[in-house]
Amino acid sequence: MGSRASTLLREEEIEEIKKETGFSHSQITRLYSRFTSLDKGENGTLSREDFQRIPELAINPLGDRIINAFFPEGEDQVNFKGFMRTLAHFRPIEDNEKNKNPPATEPLNSRTNKLLFAFRLYDLDRDDKISRDELLQVLRMMVGVNISDDQLGSIADRTIQEADTNGDSCISFQEFIKVLEKVDVEQKMSIRFLH
Amino acid sequence: MAALWPLPLLLSQRLWACLALTLPEEPHDGPLSAGFDAGRVGPSVDLPGALRVFSLDYHHVQAPFEIVLWIMLASLAKLGFHWSGRVPAVVPESCVLIMVGLLVGGVIYGVRHSAPPTLSADAFFLFLLPPIVLDAGYFLPGRLFFENLGTILWYAVLGTLWNVLGIGLSLYGVCLLVPDSLGDISLLHCLLFGSLIAAVDPVAVLSVFQEMHVNEQLHILVFGESLLNDAVTVVLYKLFESFLRLPSVTGLDVLVGGLRLIVVGLGGFFVGLFFGLVAALTSRFTSRAQVIAPLFVFLYSYLSYLTSEMLHFSGIMAIVTCAVTMKQYVEANVSERSNTNIQYFLKMWSSVSETLIFVFLGVSTIQDIHMWSWPFVCSTLLLCLVWRATGVLLLTAVVNKLRRNAVTFRDQFIIAYGGLRGAICFSLVFLIDDFPKKRLFITTTIVVILFTVFVQGMTIKPLVELLDVKRKKRALPTVSEEIHSRLLDHLLSGIEDVVGYWGQHYWRDWFEQFNKRYLRRFLIGEHHQARSSILRVYQELERREQQGGEEAPPPVDLRPGGRPLLPEEMDSIRRILSRNLQNFNKKQTPAYSRHTLHQDGSAKTALHRHQSLPERHPCSRSTLCPQRAQGEFSKSYRGRARLSRSHTVCSASPRRSDPPDSVGPAALNPTQPSDPEPAAEEQQSPLHRAPVERATKKQLSFVLERETRQ
């Protein structure tokens, strides 16, 4: 498996991914071997079934939403670049990056982009607002069966009430960011990839 | 009040036990004519000389009688401890047991005016230690252990070496400073003493962490370290002991010593591995004699321990490896009842062993042969603490750079402060060849053990709470923060699964493949194989169902609207959330418990209920699998979401009446397998759980399809 990884992934591709996502060379090759091990059809792309084969993801209440997050709008296959682009959101923010010249575009793993990723887990219809229904859906996934709809509705209303500043009973992205300002998002949404 | 009435009963029983134990020294009375068991003869004839109506023949049953009395004493003490109200909250069980031992020892000493029986090293190492280690090894969370194996080895090997050398050399320095009383203790003696006193003891650690509710990761770090440092301790101890016997020590000897370390550790590992695989193979054939299946587990483990002790390898490593190896195959091969039997027996034996060890520690403290020396004892205590603390700090600083979940300062404190010494040191010190200051070593060891168990054991919980309090000063999170944080936790957990902890390690993936392809086929009986592969997923689902199914939260009457909520309402929301939000973060699940079995039992009975699952999905459908699987999968979550609205409704209708949305061409197929299932399930499962179980079974059928397809 090791030799396959290095022959199929060209150096230019590695460089592109490195520039776009900020992963190191060894991290990219390692994640590529993970990609190929998931890719049972061996056609260089992952489909939704490939993700669903991961048993722990099957148990995760947000499993299918997380899987959806990997696939771009309306597509059913994701290639390695897309895979890495999604994973790049979870790279830890390193201190030395803040000191260098800020890049032209915001890096994928900035706090705002991490929060945008989480926001999109709620916001399925991509209208940049979390409506009460969308919130209820996610809440119901995370909570057990014991809570009645009324109670859940109240919790959802409370959540919206805490966040909503412009009174449209939806949570916009800016309101979302504000609500989470005390939460250590960088730490909660970062995986330490081994170098 | 309820707590009080058993105490006099237990106390009187204990007193009786003590008195009985003092009996053997008194000369036998009783007119036994040689070889003639007069006591067994019934009639009430009172003939002079030859026959008596009643007589006492204690000598005949002395050995088993005393053993049983000791065990009874220890167990009654344990019972009393758990009945005594608030004591368990403050004092760890090990302390109480040692105190009981001290009491009994004192009584025996007072009655007999000679030392009470001590814990012989052989009895300890051969009989008392193996059950405890076996129990711990069998219930070891395998995945967590292997994830943290690097860190554990780092602490165990390097940490122990650091401690041994540090304590040994500093003690030698102290001896040099006080030449008049300690001058005849050589460097090697100090190093020998250092090697036995530095070892963290798994028994003591386990017993104290019981009450502490540490999270799994921390528990596995400390516990794993205490298990694995046995290899280092054994090697160093034997090394220094053999050095003491040699006329002179050369560099070559030190090198040989280093090699022995590797040999001892790996030797123990391979012996355990061998016996574990043999045990797994044997369990494959036990389907016709299920009652003795548990026996093989114990026999093979014990055999591995004895074999590796015979070869001077590390017995603890062997038995732990054996338990870890055979567990997954044995669990799959034997029946549910046998599994429960195994677990209960393990718990029982380890409990008895541990209790006995602590009681004997207390008893053995009362002795004639103490020798006291203030500088030595105090400096040993101080040095143990200091070297352990510095060792942990240094090692953690290095290892945190390589770990994903950093070991926090709180964890470091617990690791350092929770390094308790126990009976292993005690037995090892008795085994030293006799030399003038041996009694001093024994006394010091006892003092260190008592200090660590009592002082450190009792204060670790309050100190940790103090540390926690400092972090909790910030305000309680708002509802939004809690919900969104939980979302982020699930998200991170999912992404971690996608990336795969082990995907980053090629050899672990290789092992999983190897396991699936060869080991499982070989070691697990054919009709058990499918069940074994979904057991883990099922256990997880069951566990979470139970967490959700405990009690219905009190109804909260909240009116949506702009008004600020009262604190009680916020509290009840928080209570609802904390009880019901599914807790995925592995770092927060409670760790292994000595006294109770986890939800394992119920998970397996649930599995038993659903055992018909494999038959309902024959492999002929595998051609349709991909789409059907996807349909079922996505439907299961949506189905679950919709079920909640009708969770008071029981029967077969709700799920399939949902509009068959974007499932696609496979829409018809999912309806078929679900119909036979609800009928069977209704009678067996409570109503409100039926919908969720169907959802979980959908996932399981999906998982099973995957397995059979692969």
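The largest nonpolar core in this predicted model has 128 residues, and those with the most contacts inside it are Trp70(B), Phe124(B), Leu129(B), Leu196(B) and Phe376(B). By a nonpolar core I mean a set of buried Ala, Val, Leu, Ile, Met, Phe, Trp, Tyr and Cys residues joined through side-chain atoms within 4.5 Å, and buried means under 20% relative accessible area, with exposed meaning over 50% and partly exposed in between, for a 1.4 Å probe and with protein chains only. Helix H11 of chain B, residues 216–245, gives the most to this core, with 15 residues. Helices here are DSSP runs of H or I with at least four residues, strands are runs of E with at least two, and both are numbered from the N terminus.

If we leave aside its neighbours within four places in sequence, Leu196(B) is in contact with Tyr237(B), Cys425(B), Leu428(B), Val429(B), Ile432(B) and Thr445(B), where contact means heavy atoms within 4.5 Å.

A word on conventions. Residues are numbered from 1 along each chain as its sequence is written, while chains are lettered from A and ligands numbered from 1 in the order in which they are written. As this is a predicted model, local features need pLDDT of at least 70 and side-chain atom pairs count only at pLDDT 80 or more, whereas totals for chains, interfaces and linings use all residues, and side-chain values use heavy atoms, with hydrogens and water left out.

Now the two chains in turn. Chain A has 13 helices and four strands, and buried residues make up 52% of its 195 residues. Among its contacts between residues at least 6 apart in sequence, 57% join residues at least 24 apart. Chain A exposes about 9,100 Å², of which carbon and sulfur atoms supply 48%; these accessible areas come from the Shrake-Rupley method with a 1.4 Å probe, and for residues only the protein chains shown count as cover. Chain B, for its part, has 30 helices and zero strands, and 51% of its 710 residues are buried. Of the contacts in chain B with a separation of 6 or more, 82% are between residues 24 or more positions apart, and the chain exposes about 32,400 Å², with 67% of that supplied by carbon and sulfur atoms.

Which residues of H3(A) and H7(A) meet each other? In H3(A) they are Ile28(A), Leu31(A), Tyr32(A) and Phe35(A), and their counterparts in H7(A) are Phe80(A), Phe83(A), Met84(A) and Leu87(A). The residues of this contact divide into eight nonpolar, no polar and no charged, if we count Ala, Val, Leu, Ile, Met, Phe, Trp, Tyr, Cys and Pro as nonpolar, Asp, Glu, Lys and Arg as charged, and the others, Gly among them, as polar. The axes of H3(A), residues 25–38, and H7(A), residues 80–88, come within 11 Å and cross at roughly 115°; axes are lines fitted to C-alpha atoms, for helices over the stretch in contact, and angles run from 0 to 180 degrees between N-to-C directions.

Helix H6 of chain A, residues 63–70, is mostly covered, with six of its eight residues buried, namely Gly63(A), Asp64(A), Arg65(A), Ile66(A), Ile67(A) and Phe70(A).

Next, helix H20 of chain B, residues 479–499, where we find Glu481(B). Is Glu481(B) buried or exposed? Its relative accessibility is 9%, so Glu481(B) counts as buried, and, neighbours within four places in sequence aside, it is in contact with Val179(A), Lys182(A) and Val183(A). Ser485(B) is also in helix H20 of chain B, and it counts as buried because its relative accessibility is 14%. Not counting residues up to four places away in sequence, Ser485(B) touches Val183(A) and Lys188(A).

I will end with backbone angles. Most residues other than glycine have a negative phi, and most peptide bonds are trans. Ser169(A), however, has a positive phi, near 45°, and lies in the loop between helix H11 (149–163) and strand S4 (171–172) of chain A. His312(B) has a positive phi too, near 60°, and is found in the loop between helix H13 (293–310) and helix H14 (315–333) of chain B. Ser169(A) counts as partly exposed because its relative accessibility is 45%, and His312(B) counts as partly exposed at 43%.
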